[in-house]
Amino acid sequence: MADKDGSKRISFSEAEGILSALGFKKDADMRREMRTSVDVDGSGDIDMNEFKKMIQGRVLETSQTGRDMVVVTLAEAESIRFLLHAKHPSLTGQCAVSIEALEGGVIDRTPSFPFMETTEYLRNKQCLRFLDGSMHMTTREAFALLQGVQENKEKSREDFFKNILKYRRRDRKEYNDCPIKLVFTTKDEYQLLAYRLKVARFRHALQQKGFMLLDAFRRFDTNGNGSLCAGEVMAAIRSLHLDLHAADAAEIINMADANNDGQLDYLEFAQCFADKEDDTKDSKDSKRRPTTAGGTWVCGTCTMKNPRSAAHKCLICGHKKQG
């Protein structure tokens with residue numbers, strides 16, 4: 001987590017951890033690039049202005065020359081596969097090809113194809129998924145998509161996406177509770193990063209206090225109406241001694257408010273601040289077996305870490321405890 005002491009400066013190791021979670025490769029090249037190009041004042045750490053310039057300036061981006069990404073139809077992909085297995089001269093020698101599904105997975109490839117998930121590759125792929133109407137993505141994928149669409153205003157992105165959905169034969173048309181919503185409420189990838197840091201600081205403060213999410217929510221819900229307004233979120237920030245302001249409280253509500261009522265109910269609060277593993281795994285719904293640790297248990301449906309008092313069903317989704 002960044003800036004643990006509130007100094008508005010972060011160490012190189014903290015910066016590496018943040019960038020690694022967002023998809024950048026954590027290696028010697030990253031460390032060398034940060035020290036030579038980002039730490040402009042030679043202080044040995046990075047202040048938030050330097051960190052912002054590093055993100056917006058694409059300092060750590062990776063790409064590979066001589067590699068092209070082309071969208072093909074299913075029929076065209078089958079034709080390419082036929083040529084691959086027929087060992088056609090156009091696909092031998094120095095030419096290497098990989099056929100991949102948009103939602104992940106290699107369908108076929110030449111043996112010599114050198115796979116390398118560069119920043120450029122990830123950004124292009126997420127832009128294609130956006131054009132395909134995909135709603136589910138990890139934070140890393142949302143970060144990459146924002147890099148590709150940040151020249152467009154948030155409303156323009158959403159209007160474009162709505163038009164895409166009109167012409168897709170899919171049952172689901174609502175996306176307010178899906179990760180794609182971040183792309184319509186976030187200006188650019190730096191704003192998303194800054195928001196993630198604020199959430200991480202809030203979560204860390206809760207953990208330092210030893211609060212379970214349900215206990216914390218009840219404590220912060222001072223009027224007992226089952227929702228947190230901006231004033232209650234700001235009061236929670238003060239009680240946790242965080243260096244955040246009213247605008248930050250408003251941003252947290254705006255980003256986490258799935259039903260757009262201007263407040264956070266417990267479900268929205270827990271989804272925002274739960275210590276989940278979704279940042280590095282696919283965010284589609286998946287069934288997991290419940291696990292227990294220290295008297296708590298993790299729901300196999302929504303991955304909520306439930307307290308011992310929730311002995312029979314999950315406090316988030318209501319599914320019964322299994323096993």
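**Aromatic pairs and a helix crossing in a predicted model**

Gln126 is buried, with a relative accessible area of 2% (buried means under 20% relative accessible area, exposed over 50% and partly exposed in between, using a 1.4 Å probe and protein chains only). The model is predicted, so local features need pLDDT of at least 70 and side-chain atom pairs count only at pLDDT 80 or more, while totals for chains, interfaces and linings use all residues. Residues are numbered from 1 along each chain as its sequence is written, and side-chain values use heavy atoms, leaving out hydrogens and water.

Gln126 belongs to helix H5 (helices, H or I, of at least four residues, and strands, E, of at least two, are DSSP runs numbered from the N terminus). Leaving aside residues up to four places away in sequence, Gln126 touches Glu141, Ala144 and Leu145, where contact means heavy atoms within 4.5 Å.

Next come the aromatic rings. A pair of aromatic rings is described by the distance of the centres and the angle of the planes. Rings of Phe, Tyr and Trp (its six-membered ring) pair if their centres lie within 6.5 Å; planes under 30 degrees apart count as stacked, over 60 as edge-to-face and the rest as tilted. Searching the whole structure gives 10 aromatic pairs. In one of them, Phe130 and Phe184 have ring centres 6.4 Å apart and planes at 55°, so this pair is tilted. Phe130 sits in helix H5 (residues 119-131) and Phe184 in helix H8 (residues 181-185), so that the pair links distant parts of the chain, 54 residues apart. Both Phe130 and Phe184 are buried, the latter with a relative accessible area of 7%.

Phe184 also pairs with Phe161, again in a tilted arrangement, at 5.5 Å centre to centre and 50° between the planes. Because Phe161 lies in helix H7 (residues 154-166) and Phe184 in helix H8, the pair ties together parts that are 23 residues apart in sequence. Phe161 is buried too, with a relative accessible area of 0%. Elsewhere, ring pairs join Phe202, Phe217, Phe220, Tyr266, Phe269 and Phe273 into a cluster.

Finally, two helices meet. Helix H9 (residues 189-209) packs against helix H12 (residues 246-256) at an angle of about 105°, with the axes 11 Å apart; axes are lines fitted to C-alpha atoms, for helices over the stretch in contact, and angles run from 0 to 180 degrees between N-to-C directions. H9 and H12 are therefore roughly perpendicular to each other (65 to 115 degrees, with under 35 roughly parallel, over 145 roughly antiparallel and the rest oblique). On the H9 side, Gln191, Tyr195 and Lys198 meet Asp248, Glu251, Ile252, Met255 and Ala256 of H12.
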